[in-house]
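Let's walk through this one together, a step at a time. Have the structure open as you read.

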Amino acid sequence: MRAKLTYAVTAAVLVFYFVLVGSRGVMLIQSGTVITVTFGIAVLILPVIGIWFLWKNTQFVRSANRLAALLDAEGGLPVDELRRTPGGRIDRDSADEVFAKRKAETEAAPDDWRSWFRLAVAYHDARDTPRARKAMQRAIALHDGRPVQA
């Protein structure tokens, strides 16, 4: 719940920022000189890119949460079997062991979205966020029946 609240607050702050920047861009365009109009258009591009990025990330998070709920209903969510350091951080060797199991599971069933979901969690636990995201995107695509990039 805390992560959802943090995401919502961050998204709200970003939307406020996009509105603020967008209004400045409009003000620059309304000034009417060549330089201010050029800067105004450039400034308006930033919120458009930001809104697109926020939208794509929100879609990704919602899809990942949808898959997590389905996997939970099936009883297939990965069990937290990771050892922790005294400070509460995941032990690196433990994460590597779990990752090896998840990777083997995924290689045995490459068309199963469930194994890709669990692999994404293992990547995340091993602190490899880019690969975790790619694995989750693949799980979402497999679940939705969309073509999967190799």
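A salt bridge is a side-chain nitrogen of Lys or Arg within 4 Å of a carboxyl oxygen of Asp or Glu. What you're looking at is a predicted model, where local features need pLDDT of at least 70, side-chain atom pairs count only at pLDDT 80 or more, and totals for chains, interfaces and linings use all residues. Residues are numbered from 1 along each chain as its sequence is written, and side-chain values use heavy atoms, leaving out hydrogens and water.

Searching the whole structure turns up 12 salt bridges. Take Asp-144 and Arg-66: their closest N and O atoms are 3.4 Å apart. This pair ties together distant parts of the chain, with Asp-144 in helix 5 and Arg-66 in helix 2, 78 residues apart. (Helices are DSSP runs of H or I, at least four residues, numbered from the N terminus.) Asp-144 is partly exposed, at 35% relative accessible area; that label covers whatever lies between buried, under 20%, and exposed, over 50%, using a 1.4 Å probe and protein chains only.

Now find Phe-60, also placed in helix 2 (residues 34-74). Is Phe-60 buried or exposed? Its relative accessibility is 16%, so Phe-60 counts as buried. Leaving aside residues up to four places away in sequence, Phe-60 touches Arg-133, Met-136, Gln-137 and Ile-140, where contact means heavy atoms within 4.5 Å.

Another salt bridge joins Glu-81 to Lys-101, with the closest N and O atoms 2.6 Å apart. Glu-81 sits in the loop between helix 2 and helix 3 (92-108), and Lys-101 in helix 3. Both belong to a network of salt bridges that also includes Arg-102, Glu-105 and Arg-118.

Conventions. Helix = DSSP H or I, 4+ residues; strand = E, 2+ residues; numbered from the N terminus.
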